[in-house]
Amino acid sequence: MNRKMVGILVIMLLIVANILSATGTELKNKVSSIMDEVDQSQEIVDDCVFFESDSWQEFVPTKTTLTKVDLYVGNYFSGSYPLTMTIEAPLGNPLVHKTLDASEIPLDYCDWTVFDIDDITLTPGHSYFIVLTYDPGCEYFWGGAYEDQYPEGDSSVASDWDWCFRTYAEETSEEWEIELKVVGGLLGYKVTVTNVGTDPVSGILTIEINTDASIMFLGEELAETPDVIELNPGEFEEISMRPVLGFGPATISIYGTFETPDVYPFETITNGFVVLFFVACGAIPINIP
Ligand SMILES: [Ca+2]
Ligand SMILES: [Ca+2]
């Protein structure tokens, strides 16, 4: 009887070893988000003062796009004509402009005002100019600061004065991609987390593996919450989830979240086999989310 049992176990272990070499779970996540982000800015307001038409502020972008500009401006005469913001490079050579009606600018006070332009392409490291123009008969004010608060650029006023502005760029889409590979083996599971994308990524991985076999002594529910995972492209980290002790065909559920801080949940269920301390499993790949 005992010999028979041992014989069966040995055969099973051989089968398991065979299955192990060909199984694994791959969870892939490709994230791509597009939104505006501030590139250059001078947000200090020492004073908001009347400015002449053709006043300008120089800026030097680090991004390749310009999607909109915020200016800290006010209109102090209800009969003012429209105000035009032009992006020029060099000065006198307009690339794009946006005209706002006087009613679209704060009346009798200064505040951040959006000039949403048709998006243009910029060359990082080169000088560009934000130019404000209007027809005679207006009273527009623009906030600014002394002490060269924006050293990368000059203004039309003086070398130590910078007008208030924010330039926005299209947020570059993230190209990180996480591959979660769950492999069963001796004592339990090995989880390999690999950044197979082209951008670095960091996040918190929470993972649980439930092994539901007919007989389970240990490891029916395994949970792991590692520290922040930081991976450059191509880098990987391994997590052991053990021990598992049981016997019989098993339903294996793998689920959790990856928090970047956006939360990407994942879940997969597969069938496997538990032979004492061995786990054999195969699972279908999952995309998150
Ligand atoms: Ca735009
Ligand atoms: Ca400056």
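Helices and strands here are DSSP runs, a helix having at least four residues and a strand at least two, and they are numbered from the N terminus. On that basis the chain of this predicted model holds 1 helix and 24 strands.

**The whole chain**

Begin with everything in view: of the 289 residues, 30% count as buried, and among contacts with a separation of 6 or more, 74% are between residues 24 or more positions apart. If you colour by pLDDT, the average for the chain is 86, and 84% of the residues score at least 70. Then select residues 16-34, where the pLDDT is below 50, although this stretch has 54 contacts in the model beyond near neighbours in sequence. Where pLDDT is low, the predicted coordinates should not be read in detail.

**An open sheet**

Next select S4, S11, S7 and S8, which in that order form an open sheet of 4 strands with antiparallel pairing. Strand S4 (55-59) and strand S8 (94-100) stand at the edges with a single partner strand each, so one side of each has no neighbour in the sheet. Neighbouring strands of this sheet are turned against each other by 20° on average, direction ignored. To look at one pairing in detail, show S4 together with strand S11 (residues 128-133), which are joined in the antiparallel sense over 5 bridges, and find Gln-57, whose bridge partner in S11 is Ile-130.

Beyond its neighbours within four places in sequence, Ile-130 is in contact with Trp-56, Gln-57, Phe-59, Val-69, Met-85, Ile-87 and Phe-165.

Move on to Leu-245 in strand S21 (residues 245-259), which counts as buried because it has 20 C-beta neighbours inside 10 Å. Its C-alpha atom is separated by 8.4 Å from that of Glu-220, a residue 25 residues apart from it along the chain. Leaving aside neighbours within four places in sequence, Leu-245 is in contact with Phe-217, Leu-218, Gly-219, Leu-276 and Phe-277.

Now select strand S22 (residues 263-276) and S23, which run antiparallel and are joined by 4 bridges, with a hairpin of 1 residue connecting them. Val-274 stands opposite Val-279 in S23. In a regular strand the side chains alternate between the two faces of the sheet. From strand S23 (residues 278-281), Phe-278 and Ala-280 point one way and Val-279 and Cys-281 the other way, and all are buried.

**Backbone details in the loops**

Finish with the backbone, starting at the cis peptide bond that joins Ala-89 and Pro-90, with omega about -10°; Pro-90 lies in the loop between S7 and S8. A cis bond also runs from Arg-242 to Pro-243, with omega near 5°, and Pro-243 is in the loop between strand S20 (236-241) and S21.

Asp-108, in the loop between S8 and strand S9 (111-115), is not a glycine but has a positive phi of about 70°, and it is exposed, with 11 other C-beta atoms within 10 Å. Glu-147, in the loop between S12 and strand S13 (162-163), likewise is not a glycine and has a positive phi, of about 65°; it counts as exposed because it has 10 C-beta neighbours inside 10 Å.

Conventions:
Residues numbered from 1 in each chain as written. Chains lettered and ligands numbered in written order. Predicted model: local features only at pLDDT ≥ 70, side-chain atom pairs only at ≥ 80, totals over all residues. Buried ≥ 20, exposed ≤ 12 C-beta atoms within 10 Å, placed from the backbone. Contact = placed C-beta atoms within 7 Å. Pairing = 2+ DSSP bridges. Axes fitted to C-alpha atoms, helices over the stretch in contact; angles between N-to-C directions. pLDDT = per-residue confidence, 0-100.
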